[in-house]
Amino acid sequence: MGFIEFKGVNKKYPNGVTALYDLNLDIEKGDFVFIIGGSGSGKSTLIKLLYREEKPSKGTIVLGGINVG
């Protein structure tokens with residue numbers, strides 16, 4: 001079990017754009033992670049989900065054992 005976990009996370013915006021589809025991510029405490037990708041690949045959406053500016057359309061987000069999704 002990681003410190004940050006995304007399980008089957010989808011994010012679809014009201015305008016129909018799917019930013020993330022079926023994302024599974026497991027980051028252990030102390031890991032150093034880079035988030036890279038092209039324009040429109042969902043990097044900002046991923047970060048916004050971590051600090052709850054956005055909520056997932058589907059799936060589970062767990063931070064430090066607490067479900068924040």
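Reply: Two strands are said to pair if DSSP finds at least two bridges between them. Strands of a sheet pair through backbone hydrogen bonds, either parallel or antiparallel. The model discussed here is predicted.

Me: Which residue in S2 stands opposite Glu-5?

Reply: Strands S1 and S2 pair in the antiparallel sense, over six bridges. Within this pairing, the residue of S2 opposite Glu-5 is Asp-26.

Me: In what order do the four strands lie in the sheet?

Reply: The four strands form an open sheet, and their pairing is antiparallel. The edge strands, S2 (18-27) and S4 (66-67), each pair on one side only. The order of the strands is S2-S1-S3-S4.

Me: What is the bridge partner of Phe-6 in S3?

Reply: Strand S1 covers residues 4-12 and pairs with S3 in the antiparallel sense, over five bridges. Elsewhere in this pairing, Asn-10 stands opposite Lys-58 in S3. For Phe-6, the bridge partner in S3 is Ile-61.

Me: How many of the nine residues of S1 are buried?

Reply: A residue counts as buried when its relative accessible area is under 20%. By this criterion S1 is mostly covered, and the number of its buried residues is seven.

Me: Which residue in S4 stands opposite Leu-63?

Reply: Strand S3 (residues 58-63) runs antiparallel to S4, and two bridges join them. Opposite Leu-63, the residue in S4 is Ile-66.

Me: Which residue takes a positive phi in the hairpin of S3 and S4?

Reply: This hairpin has two residues between the strands. The hairpin of S1 and S2, by contrast, has five residues between the strands, and there Gly-16 takes a positive phi near 100 degrees. In the hairpin of S3 and S4, the phi is near 60 degrees and the residue is Gly-64.

Me: Why do the buried residues of H1 lie on the same side of the helix?

Reply: Helix H1 spans residues 43-50, and its buried residues are Thr-45, Leu-46 and Leu-49. They lie on the same side of H1 because the arc they cover around the axis is only 100 degrees.

Me: Which strands are included in what covers these buried residues of H1?

Reply: The residues in question are Thr-45, Leu-46 and Leu-49. Their cover includes strands of the sheet, namely S1, S2 and S3.

Me: Which residue with a positive phi follows H1?

Reply: Helix H1 ends at residue 50. The phi of the residue in question is near 65 degrees, and that residue is Arg-52.

Methods
Residues numbered from 1 in each chain as written. Predicted model: local features only at pLDDT ≥ 70, side-chain atom pairs only at ≥ 80, totals over all residues. Heavy atoms only, no water. Buried < 20%, exposed > 50% of the residue type's maximum accessible area, 1.4 Å probe, protein only. Arc of directions from axis to C-beta. Contact = heavy atoms within 4.5 Å.
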